[in-house]
Amino acid sequence: MTVTGFSKWIAVAVLAAAMAGNAVAAEKQPDGLPVEHVKRLMQYHDALQKLDDSEQARGIYRSATLWGPNYPKLRVCFFDGSQALRDVVAKVASEWEAENNSIRFDFGKPGKRRSCNLDSDMQIRVSFSKEGYWSHIGQNSVIFAAQNEPSLNLEGFMDIAPSNLSKYAHSTIRHEFGHALGIDHEHQNPAGGCDNEYNWKRVYSYLQGPPNNWPKETIDWNLRQASGEDIQTTKFDRKSVMIYQFPADFYRKGAKSKCFVPDKNTRISGGDRTLIAIMYPSDAASRLASFKETRAKFEAIWKKGDKKTTKGVMFDAVKAFFDNPGTKDAPAQED
Ligand SMILES: [Zn+2]
């Protein structure tokens with residue numbers, strides 16, 4: 001598994017057919033990020049490309065999206081949904097936490113899961129009422145989406161009794177929170193070579209048609225192999241909760257393809273766990289060292305740009321990604 005890929009700035013965090021069992025959304029594939037969010041990312045993407053478009057730089061841009069050590073906890077709030085539903089989301093998403101990583105979520109207490117309060121500083125803002133299943137990637141959640149906007153959406157979950165949420169709905173929670181932590185799609189891992197495995201004609205015709213109606217660009221963002229120098233890599237893992245599952249005829253070798261997943265992966269895999277531990281080591285010094293290294297490299301690239309170029313970004317990216325206050329000293333918000 002690889003954390004890389006410039007294309008993933010626009011990574012729309014989606015999971016195909018994840019809502020099987022949900023009468024409301026069962027037939028519909030997810031949409032990508034809302035268009036206005038994509039536009040912001042595109043502008044940033046274009047400006048960075050002008051600064052430095054090398055493979056190495058792309059890897060650094062990608063690393064910048066990881067939450068820094070100034071976020072010992074990631075605060076999560078909900079725009080809607082009952083406390084019972086919020087509890088399910090909190091419980092399932094918290095499966096990403098482990099002893100060998102330093103990811104810790106703060107959803108508020110059970111039964112008192114936080115509502116989004118526009119004045120407060122929340123890293124992951126969950127909605128159940130937008131279209132599709134998606135999440136911004138890592139810190140993009142606070143940089144490219146405002147506090148009054150969701151950063152992660154789980155369409156239609158409010159219409160299901162929380163105790164009846166299917167295992168696919170649970171896997172969607174795991175998948176989208178994986179994106180919120182900064183993980184890309186596993187089928188886009190360069191180590192997997194899935195680009196050569198897909199029957200692209202079939203993929204395009206299926207996803208471009210109703211009810212999905214994905215433009216080619218959206219399909220490419222979500223399925224094409226990521227590029228950029230690898231910064232953190234584990235080998236291709238077809239058991240990853242971050243891989244798409246399609247019918248066999250979506251692959252040139254059918255069911256024999258190494259990228260074909262017979263049944264949707266519903267659990268966080270061993271490979272996923274290895275990756276998240278590399279991204280967020282439990283050892284505080286390691287996490288800080290890697291953050292500082294990324295910062296120095298990013299800053300060096302940023303300084304290469306003249307005012308005109310960096311102005312295209314509309315904000316100071318070094319400050320935004322590396323100098324934000326985080327959650328280190330700020331008290332957690334109470335409902
Ligand atoms: Zn996704």
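# Charged pairs, a core and a helix

Visitor: What does R40 count as, by relative accessibility?

Guide: R40 counts as partly exposed, because its relative accessibility is 29%. Buried means under 20% relative accessible area, exposed over 50%, and partly exposed in between (1.4 Å probe, protein chains only). This is a predicted model: local features need pLDDT of at least 70, side-chain atom pairs count only at pLDDT 80 or more, and totals for chains, interfaces and linings use all residues. Residues are numbered from 1 along each chain as its sequence is written, and side-chain values use heavy atoms, leaving out hydrogens and water.

Visitor: Which side chain meets R40 in a salt bridge?

Guide: E149, at 2.8 Å, N to O. A salt bridge here is a side-chain nitrogen of Lys or Arg within 4 Å of a carboxyl oxygen of Asp or Glu. R40 sits in helix α1 (residues 35-51), and E149 in the loop between α4 (140-143) and β8, 109 residues apart. Helices (H or I, at least four residues) and strands (E, at least two) are DSSP runs, numbered from the N terminus.

Visitor: And E149, buried or exposed?

Guide: Buried, at 15% relative accessible area.

Visitor: What does R62 pair with?

Guide: D184, in a salt bridge at 3.0 Å, N to O. R62 lies in helix α2 (residues 55-63) and D184 in the loop between α5 and α6 (200-208), so the pair ties together parts 122 residues apart in sequence. R62 counts as buried at 1% relative accessibility, and D184 at 3%.

Visitor: How many salt bridges by that rule?

Guide: The count is 17. D195, K216, D220 and R224 are linked in a network of them.

Visitor: What about R75, which has no salt bridge?

Guide: R75 is in strand β2 and is buried. The nearest side chain of opposite charge, D121, is 4.5 Å away. The R75 side chain does reach the backbone oxygen of D121, at 3.0 Å.

Visitor: New topic. Which residues touch the most other members of the largest nonpolar core?

Guide: W96, F105, I124, V126, F157, I173 and F177, out of 38 residues. Such a core is a set of buried Ala, Val, Leu, Ile, Met, Phe, Trp, Tyr and Cys residues joined through side-chain atoms within 4.5 Å. The largest share, six residues, comes from α3.

Visitor: How many residues of α5 are buried?

Guide: Eleven of its 14. Among them are I173, R174 and F177. The buried residues pack against β2, α3, β3 (105-106), β6, β7 (133-135) and β8. Contact means heavy atoms within 4.5 Å.

Visitor: What follows α5?

Guide: G182, whose phi is positive, near 110°.

How values were computed:
Lys and Arg count as positive and Asp and Glu as negative; His and the chain ends are not counted. A polar contact is a pair of N or O atoms within 3.5 Å; within protein, one must be able to donate a hydrogen and the other to accept it, and residues adjacent in sequence count only if both atoms are side-chain atoms.
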